[in-house]
Amino acid sequence: MSIQWNGVMPAVFTWLKETKSGAFEIDFDATQKQAASILKAQGKNGSRMSGLVGSGTLGENSYLSTKQRFSLLKSLSMVAKEFNVPLISGAAAATKEELAKIVEGLAIVGVDTVMVMPPTTKAVPSEKEMYEYYALSETTAKEVGVTIMPYNNPDAAGYHALSTDLLKRLSVLPKVAALKISTIDVSIIETLLLENKDLKILAGVDTVTVYAGLAGASGGITGVGTIFPKASITMQEYVVNGEWAEAIKISQALNSLSYLDAQPLLMEYLKLAMGIHHNDVDGGLRTYGKKLTQQQINDVRARYLLAKERLDVLGLLGDSF
């Protein structure tokens, strides 16, 4: 598969269902249906999502067992193959050896590119340790036939920041397909591209999609785009064409929801918004994560309705799955 790393890619939710005992389990059918519906969506100019991200932060990744996660990704790989897009998922570990084993496992279940997050250690690794951690994952990726995407998420609690110098060094490794930059400070994107204009960088925060594009990002990984894919794809079409005023209109329309993408409970918030969007609030509240308060539920609903109203005016609501 030839991957261009342009465009927008949805980070899909992991849909859950309740068993007879009252416990939750993965609803594979609903999750596949959701992913397929999003990949079918088109922007105003006819383009579509260019990848599929599964079992990420929005996919309850930190709550799933390894067995659950691999089963989920194997089911999503079928959807990705159907639409001829790469399947992407994340990996993080305390040691580089543990990380290498995760990369191997993800390759077996059909993941094409592994988003490699920083080490999960409490102590901040040295620059040398950090490089060796990523370098071994790149070597492993080469051996098992996948690529990696170093993931810099310095604004999220618990993630060690990757320095600009380290990102530059990693970007030239043969099996590094792209970098994912999840920060509201898009100047780092410009800095990296001044060093290497051919570098592919994906933005990871929905609030700055347009500004990341202006800085030179080739696309983005979106949470809000799973709820309103037509709007997300169309916004990227405008970014690619340099139609900044039109792109900003959509960004502003989405902003009430995009705000939630940068909050600690982003998964719980956006999954509920997805449930509201599809008239399945109970489904949207099924999560291995934290239980939302009524005030938080009301806030998500108000933010969703505001975004929906604004997108309706722009003719960008699209179809539901």
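**View 1. Glu-132 and Lys-128 lie 4 residues apart in helix α4, about one turn of the helix.** Helices are DSSP runs (H or I) of at least four residues, numbered from the N terminus. The model is predicted: local features need pLDDT of at least 70, side-chain atom pairs count only at pLDDT 80 or more, and totals for chains, interfaces and linings use all residues. Residues are numbered from 1 along each chain as its sequence is written, and side-chain values use heavy atoms, without hydrogens and water. The two side chains form a salt bridge of 2.6 Å, N to O; the term requires a side-chain nitrogen of Lys or Arg within 4 Å of a carboxyl oxygen of Asp or Glu. Glu-132 is partly exposed at 29% relative accessible area, whereas Lys-128 is exposed at 57% (buried is under 20%, exposed over 50%, partly exposed in between, with a 1.4 Å probe and protein chains only).

**View 2. Glu-60 and Lys-271 form a salt bridge, with the closest N and O atoms 2.7 Å apart.** This pair joins distant parts of the chain, 211 residues apart: Glu-60 is in the loop between β4 (52–53) and α2 (66–82), and Lys-271 is in helix α10 (residues 266–277). Strands such as β4 are DSSP runs (E) of at least two residues. Both Glu-60 and Lys-271 are buried.

**View 3. Glu-97 and Lys-96 meet in a salt bridge of 3.5 Å, N to O.** Glu-97 is partly exposed, with a relative accessible area of 43%. Lys-96 is also partly exposed, at 29%. By the salt-bridge rule, the count comes to 8.
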